[in-house]
Amino acid sequence: MSLVIALGAGAPAYAGDPSYGGDEGDVQPPPANSGGDSGGNSGAGTIGAHIRINQKTTGSSSSTTTATSSNANWKPPVCWYEPMYTPDEYQDFIKSSYKGAQEPAASYAKKRADEDYHKGDKGLWWQVQFRNDNYTDACPVTPANWEIWVPPAQPKADPNQLTPEILSELAYNSTKLPKPPVVLNPSADHLKVNLGTRVKFAGNFDRVWTTASINYKGVEMAATTVATPVALRVDAGTTDADPQSCTYDLVKGNDGYTVDSKDAACNVTYQRSSGTGTYPFKASITWKVTWTDSANPDGPARQPGLPDGLSTYEQNVTVKEIQAVNR
């Protein structure tokens, strides 16, 4: 691997920080270990360097979509500290990665050498890891501490140190949920003004749970988010429809969660043509999301809570006037 800090290269949100190099160059995040699974979400069930993601879904035949938060202000963690090196491994990492480095990297390497890498002490060096490699959001970890020393009996944990709560947020952000299985009759491109459109809820599904876990160098923890479907909402996509929306509660049945209604359908009457365009028909499911501090989805729910999740199915519908035939 090359230098941890590359002057003039692209970087996350620390470019030009006067407390660490000023305008002399941009600060890059450190390279992770050479295990081949470092970096952002690989799409293969890993995040960061050693976090594993596993999802379990039951009773659903629908296509899936990435869960979105019902709280627009909720954001998943940008970065965190993970256990990475023993003192000897950390010494090898610093000496190889910072060999021949210019300032401010040279001073950083000297600071760690002056600490003797905590050789002889019990504990591990934890290194900052990023949720993805875009670096578009500010990470609260400063470049002056890309790694922190964590002893077995830590008096006070760093606020950015990996915890089950952080794992639960990473699991939430990785969760994929079934799209609402709805069927339109007539089909989306054959709807007529003042002719009822039957929106049928065709299918059922069950809870979805996602576990984020780490088991590395004696540090073992996990968190599981559990998403339970609670409501279905159908939006016609225009105010010129009656009703403009339908909402149903979802209840647990023998084969999964389904609409709490004898007539599991929303009958929409479009009152105006879509003209040369279309209406954005949408169906969405609200999921109640809880989390446990283990790999067991049925463990006790922990706090703080997570926002509800949403999975959405969208399609454009064409509504035409009924053509009269004169004879």
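This report walks through aromatic pairs and salt bridges in the structure above.

## About the model

The model is predicted, so local features need pLDDT of at least 70 and side-chain atom pairs count only at pLDDT 80 or more, while totals for chains, interfaces and linings use all residues. Residues are numbered from 1 along each chain as its sequence is written, and side-chain values use heavy atoms, with hydrogens and water left out.

## Aromatic pairs

Let's start with the rings. The structure holds 11 aromatic pairs (rings of Phe, Tyr and Trp, the last by its six-membered ring, with centres within 6.5 Å; planes under 30 degrees apart are stacked, over 60 edge-to-face, and the rest tilted). One of them joins Trp-74 and Tyr-172: the centres are 4.7 Å apart and the planes stand at 50 degrees, so this pair is tilted. Trp-74 sits in the loop between strand 4 (68-69) and strand 5 (79-85), and Tyr-172 in helix 3 (residues 164-174), so the contact ties together parts 98 residues apart in sequence (helices, H or I with at least four residues, and strands, E with at least two, are DSSP runs numbered from the N terminus). Trp-74 is buried at 16% relative accessible area, and Tyr-172 is buried at 3% (buried means under 20%, exposed over 50%, partly exposed in between, with a 1.4 Å probe and protein chains only).

Tyr-90 and Tyr-117 have ring centres 6.2 Å apart and planes at 75 degrees, so they pair edge-to-face. Tyr-90 belongs to helix 1 (residues 87-97), whereas Tyr-117 lies in the loop between helix 2 (105-114) and strand 6 (124-130), so parts 27 residues apart in sequence are tied together. Tyr-90 is buried at 0% relative accessibility, and Tyr-117 is buried at 5%. Both tyrosines belong to one aromatic cluster, whose other members include Phe-93, Trp-125 and Trp-149.

## Salt bridges

Now for the charged side chains. Eight salt bridges turn up across the whole structure (a side-chain nitrogen of Lys or Arg within 4 Å of a carboxyl oxygen of Asp or Glu). Lys-110 and Asp-114 form one of 2.9 Å, N to O. These two residues are four apart in helix 2, about one turn, and both are exposed.

Asp-206 bridges to Lys-252, with the closest N and O atoms 2.6 Å apart. Asp-206 is in the loop between strand 11 (197-201) and strand 12 (208-216) and Lys-252 is in strand 15 (residues 245-253), so the bridge ties together parts 46 residues apart in sequence. Asp-206 is buried at 16% relative accessibility, while Lys-252 is partly exposed at 48%.
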